[in-house]
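Me: I am new to reading structures, and I would like to understand how the words used for residues and rings follow from the values behind them. Could we go through this one step by step?

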Amino acid sequence: MSTRDFTYAVNTVTNLLNQDRSQKWTQLRLAQAVALETGRKDLYMIEVVIKTLVTTGIVEGWMHRSKARNIQWKTQAVSPGTKDKVTPVASVEHFEKIKKLEADLKEAQARYAEKKDVVIEVQLLKGKKTVKVMKDIFHERFSEVLTLAKARKNVFIYGPTGCGKSHMAEQVAKALDLPFAFVSCTAGMSEGQLGGRLLPVGKQGTFEYIISEFLKCYENGGVFLIDEMDAADSNVLLFINAAIANGRTAVPNRPDHPYAVRHPDFVCMGAANTVGTGADRMYSGRNKLDASTLDRFAIGKVFMDYDERVDEQLCPNDGLRNLLLGYRKAIRENRLERAMSTRFMQDAYDMTENFGWTITEVDRAFFSGWREDEVNKVQIPAWKHVTGS
């Protein structure tokens, strides 16, 4: 945002406040109105402008936990008999204040740019050691999981829905320069999805062996993710047990090469909502994992919760994110069987930023199917906290 854009945003804010001097705005609502008026999409920067106007006393309002509250038109003291008026914010009278704010604005712009990418260096163990620079958004547990994968340990990531478990597995593969593949487990899946199948795809319908993505990674090197592992059929997990514990596994559907040998650069990762102890009130469709299966991942079990640093990068609108974080906090405090996931935050930001959704539409989507008492326990306290009322 240039100085010219800054001044334009300032004047738009004051014009909106002047249209109805009695109305009090929240930071998010006012930023959305300014964005609509100016055509700008960077709500984060508009909110920076609004906060600087409040903190310098140019417009009426107060700060609570770094958020501007009760924003409204500020009427200056005037001589008796004259009409209320305010010197335009972008006038010469406020030039020094605005110049002082430019430094804060540049710092905010730098922070906003940093949110797009995080750069890390990864020491590769495959072949010659090299340094790889990656640009992405990384969860706080990424370094721990990457260390386990570099040591070629089996990794079991468990945690709530939508916290980025599957995405982290793919990031690990990219960091190690290894192929990535996955399977989403169900109760009815067969061993053939991992061990390969004999299918009538040859000439005149003759059966030929079709290798699976699992065996490709297992024999040639790669990161393979067993997603929704606590929903897998027990027979499938027995196949996994043999493969990752013995260094080789039987492939009965491949008669010309009936055994597969584990490649040194094969990394097996599992992802689940539970730690393998079976269904609970939140994840009622999960199975209890056998102790022998859990033992294969004993050193590599990593709990992965929601990371607010990731939330901030995927949902950079402070007002929207803090409201949704308030929902998450209320859900946990009331022990409700609901989840405010990072995935939902990202989708909510996308819909408000790029498709014109309002907070009302986000709420309607999130609370769809909830009981009224559940909504009241979550929505009311969160809104009170965000608005400061």
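Me: Why is Arg254 called buried?

Reply: Please keep in mind that this is a predicted model. The relative accessible area of Arg254 is 8%, and buried means under 20%, so Arg254 counts as buried. Arg254 is found in the loop between strand E10 (248–250) and strand E11 (259–261).

Me: What makes the backbone oxygen of Tyr259 and the side chain of Arg254 a polar contact?

Reply: A polar atom of the Arg254 side chain lies 3.4 Å from the backbone oxygen of Tyr259, and the cut-off for such a pair of N or O atoms is within 3.5 Å, so the distance meets the cut-off. Leaving aside neighbours within four places in sequence, the residues in contact with Arg254 are Tyr209, Ile211, Glu219, Tyr259 and Ala260.

Me: Why is the pair of Phe214 and Phe224 called edge-to-face?

Reply: The ring centres of Phe214 and Phe224 are 5.1 Å apart, and rings pair if their centres lie within 6.5 Å. Their planes stand at 85°, and over 60 degrees counts as edge-to-face, so the name edge-to-face applies to this pair. The pair links distant parts of the chain, with Phe214 in helix H8 and Phe224 in strand E9, 10 residues apart.

Me: How do you know that Phe214 and Phe224 are buried?

Reply: Phe214 has a relative accessible area of 0% and Phe224 has one of 1%; with the limit for buried set at under 20%, both therefore count as buried.

Me: Which residues have the most contacts inside the largest nonpolar core?

Reply: They are Leu194, Phe214, Phe224 and Phe266, in a core of 29 residues. Among the elements that give two or more residues to this core are helix H8 (213–220), strand E9 (222–227) and strand E12 (266–272), while H9 gives the most, with 6 residues.

Notes:
Residues numbered from 1 in each chain as written. Predicted model: local features only at pLDDT ≥ 70, side-chain atom pairs only at ≥ 80, totals over all residues. Heavy atoms only, no water. Core = buried A, V, L, I, M, F, W, Y, C linked by side-chain atoms within 4.5 Å. Buried < 20%, exposed > 50% of the residue type's maximum accessible area, 1.4 Å probe, protein only. Helix = DSSP H or I, 4+ residues; strand = E, 2+ residues; numbered from the N terminus. Polar contact = N/O pair within 3.5 Å; in protein donor to acceptor, adjacent residues only side chain to side chain. Contact = heavy atoms within 4.5 Å. Phe/Tyr/Trp six-rings, centres within 6.5 Å; stacked < 30°, edge-to-face > 60°.
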